[in-house]
Amino acid sequence: MRKFIAAANWKMNCTKEQAKTLAEDLLAVSHTLDKRHRVILAVPYPYLIMVHDIVHSNEYYSVAAQNMHHEKFGAYTGEVSAPMLKSIGVEYVILGHSERREQHGETNALIRQKIDLAMEYGIKPIFCCGEPLEVRERGEQNEYVMNQLQESLFHLDGAHMKKVVIAYEPIWAIGTGKTATIDQAQEMHFMIRSKLIKQYDENVANSVSILYGGSVKADNAEALFNCPSVDGGLVGGASLIAADFEKIIEGLKR
Ligand code: PGA
């Protein structure tokens, strides 16, 4: 059965000391969790080993990288590869975040290559999808997101698809303070799950956690997570404040 997940995306924030304190503080809410839950901390590369060491003895916590390269090794100055992440115990990797798509020109085809490498190394992808504002205004968000899934994920067989976490993050809601309404989130998540049933089967569809991302905050998390088709959140800004992210963790379905 799928897990209810609170995933923190720290993006390019925190010094080493801040990262250490934040990770240690977040362990404080571990008593509210059980085996249906998972807290994933997607931290900057330099802190992956440290944060992994801090959380790994707690079965409900994992670390994630925020990206990785689409090749295994070679002359790619400044890049980080799947085998490197695997060798330091990283369990998840965010792939296809809209900031990478926009700022680094990542295409659905490139993200597909990264998905395959993550699978090869047993790293679970947190696959981000979501439409820009103009697509939402034209009412074409369903087709847009379906195309992202089709071009980057649906070549996987069912066994591999079960390892994927999907994060629906409407771009117009990321870092803007503008959250999707409960109805907008529920509608998209329901559609993604229906598509998974059609493409695979009920068993696969019910194994994939579908997270909502985009201005999830301490005061709206619980309402969003209570949508029947929403299995948790991918949280940027509010994940940098321990008290706020703790509240978000507590908002996971019980
Ligand atoms: P936000 O970011 O919570 O700050 O909107 C979410 C994300 O980019 O994953």
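Which backbone oxygen lies 2.9 Å from a polar atom of the side chain of Ser 30? The backbone oxygen of Leu 27 lies at that distance. The model is predicted, so local features require pLDDT of at least 70 and side-chain atom pairs count only at pLDDT 80 or more, while totals for chains, interfaces and linings use all residues. Residues are numbered from 1 along each chain as its sequence is written, and side-chain values use heavy atoms, with hydrogens and water left out.

**Ser 30**

Ser 30 is located in the loop between helix H1 (16–26) and strand S2 (37–42); helices (H or I, at least four residues) and strands (E, at least two) are DSSP runs numbered from the N terminus. With a relative accessible area of 17%, Ser 30 is buried, a term for values under 20%, against over 50% for exposed and partly exposed in between (1.4 Å probe, protein chains only). Not counting residues up to four places away in sequence, Ser 30 touches Asn 58, Tyr 60 and Tyr 61, where contact means heavy atoms within 4.5 Å.

**Cysteines**

The whole structure contains 0 disulfides, a disulfide being a pair of cysteine sulfur atoms within 2.5 Å. Cys 128 is in no disulfide, and its nearest cysteine sulfur, that of Cys 129, is 7.6 Å away. For Cys 129 the closest cysteine sulfur is that of Cys 128, at 7.6 Å, too far for a bond.

| Residue | Relative accessible area |
|---|---|
| Cys 128 | 1% |
| Cys 129 | 3% |
| Cys 227 | 3% |

Cys 227 occupies the loop between helix H11 (221–225) and strand S8 (232–235). Leaving aside neighbours within four places in sequence, Cys 227 is in contact with Ile 182, Gln 186 and Lys 253. The C-alpha atoms of Cys 227 and His 189 are separated by 9.2 Å, and these residues are 38 apart along the chain.

**Aromatic pairs**

Rings of Phe, Tyr and Trp (its six-membered ring) pair if their centres lie within 6.5 Å; planes under 30 degrees apart count as stacked, over 60 as edge-to-face and the rest as tilted. By this rule there are 2 aromatic pairs. In one of them, the ring centres of Phe 154 and Tyr 200 are 5.9 Å apart and the planes stand at 75°, so the pair is edge-to-face. Phe 154 lies in the loop between helix H7 (141–152) and helix H8 (158–161), and Tyr 200 in the loop between helix H9 (182–199) and helix H10 (202–205), so the pair ties together parts that are 46 residues apart in sequence. Both Phe 154 and Tyr 200 are buried.

**Cavity and pocket**

On a 1 Å grid over the protein atoms alone, a cavity is a set of points where a 1.4 Å probe fits but cannot get out, whereas a pocket is an open set with protein on both sides within 12 Å along at least five of seven lines; lining residues have an atom within 4 Å of a point. Grid points are joined across faces, edges and corners, and a volume is the space filled by probe spheres set on the points.

The search finds 1 cavity of 30 Å³ or more, and the largest cavity has a volume of about 40 Å³. Its lining residues include Cys 128, Cys 129, Gln 148 and Glu 169. Helix H4 (98–104) and strand S5 (124–129) are the elements that give two or more residues to this lining.

The largest pocket holds about 400 Å³ of space. Of the 15 residues that line the largest pocket, Lys 11, Met 12, Gln 66, Asn 67 and Arg 100 lie nearest its centre. H4 provides the largest share of this pocket's lining, with 4 residues.

Notes. A polar contact is a pair of N or O atoms within 3.5 Å; within protein, one must be able to donate a hydrogen and the other to accept it, and residues adjacent in sequence count only if both atoms are side-chain atoms.
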